[in-house]
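Here is a short report on a surface patch and a pocket. Please look at the model first.

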Amino acid sequence: MDMQACTEAIRAKVGDDSGLNATLKFDCGDDGVVFVDALVTPNTVSNENKEAGCTITISLENLAALLTGQLNPMNGFMMGKLKVSGDMGVAMRLQTVV
């Protein structure tokens, strides 16, 4: 799954109103970012590299696994496959979306 496919998958999962009520960024390093603005309705998902309330640093491969259900968010965090900075509460609410 490439960055565009991951962006589309996140857009589909977030929908118009995810209930996150925050900004969130998936930072995949050189592969790019996915920025979710859930402060606006409808929620927007883009590849703009903006400041976010919560940033999840993850490889593109692990992001794809997360989106397809092959990687559990909590297990990924515990195994160091993803790192969370900023508002941990947003990351916890994200589990209901992905």
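## Nonpolar surface patch

Met74, Phe77, Met78, Met79, Met88 and Met92 make up a nonpolar patch on the surface. Together they have about 590 Å² of accessible area. Patch residues have over 30% relative accessible area and no salt bridge, and nonpolar side chains are joined within 5 Å. Areas come from the Shrake-Rupley method with a 1.4 Å probe.

Helices α3 (73–78) and α4 (88–94) each supply at least two patch residues. The most, 3 residues, come from α3. Helices are DSSP runs of H or I with at least four residues, strands are E runs of at least two, and both are numbered from the N terminus. Met88 sits in α4. Met88 counts as partly exposed because its relative accessibility is 38%, between the limits for buried (under 20%) and exposed (over 50%).

## Largest pocket

The largest pocket holds about 150 Å³ of space. It is lined by 13 residues, and Pro73, Leu82, Val84, Ala91 and Gln95 are the closest to its centre. Two or more lining residues come from each of α3, β5 (82–86) and α4. The largest share, 4 residues, belongs to α4. The lining has 12 nonpolar residues, 1 polar and no charged.

A pocket is an open set of points on a 1 Å grid, with protein on both sides within 12 Å along at least five of seven lines; lining residues have an atom within 4 Å of a point.

## Basis

This is a predicted model: local features need pLDDT of at least 70, side-chain atom pairs count only at pLDDT 80 or more, and totals for chains, interfaces and linings use all residues. Residues are numbered from 1 along each chain as its sequence is written, and side-chain values use heavy atoms, with hydrogens and water left out.

Conventions
Patch = residues over 30% accessible without salt bridge, like charges linked within 9 Å, V, L, I, M, F, W, Y side chains within 5 Å. Salt bridge = Lys/Arg side-chain N within 4 Å of Asp/Glu carboxyl O. Buried < 20%, exposed > 50% of the residue type's maximum accessible area, 1.4 Å probe, protein only. 1 Å grid on protein atoms, 1.4 Å probe; cavity = no way out; pocket = protein on both sides within 12 Å on 5 of 7 lines; lining within 4 Å. Points joined across faces, edges and corners; volume = space filled by probe spheres on them. Nonpolar A, V, L, I, M, F, W, Y, C, P; charged D, E, K, R; others polar.
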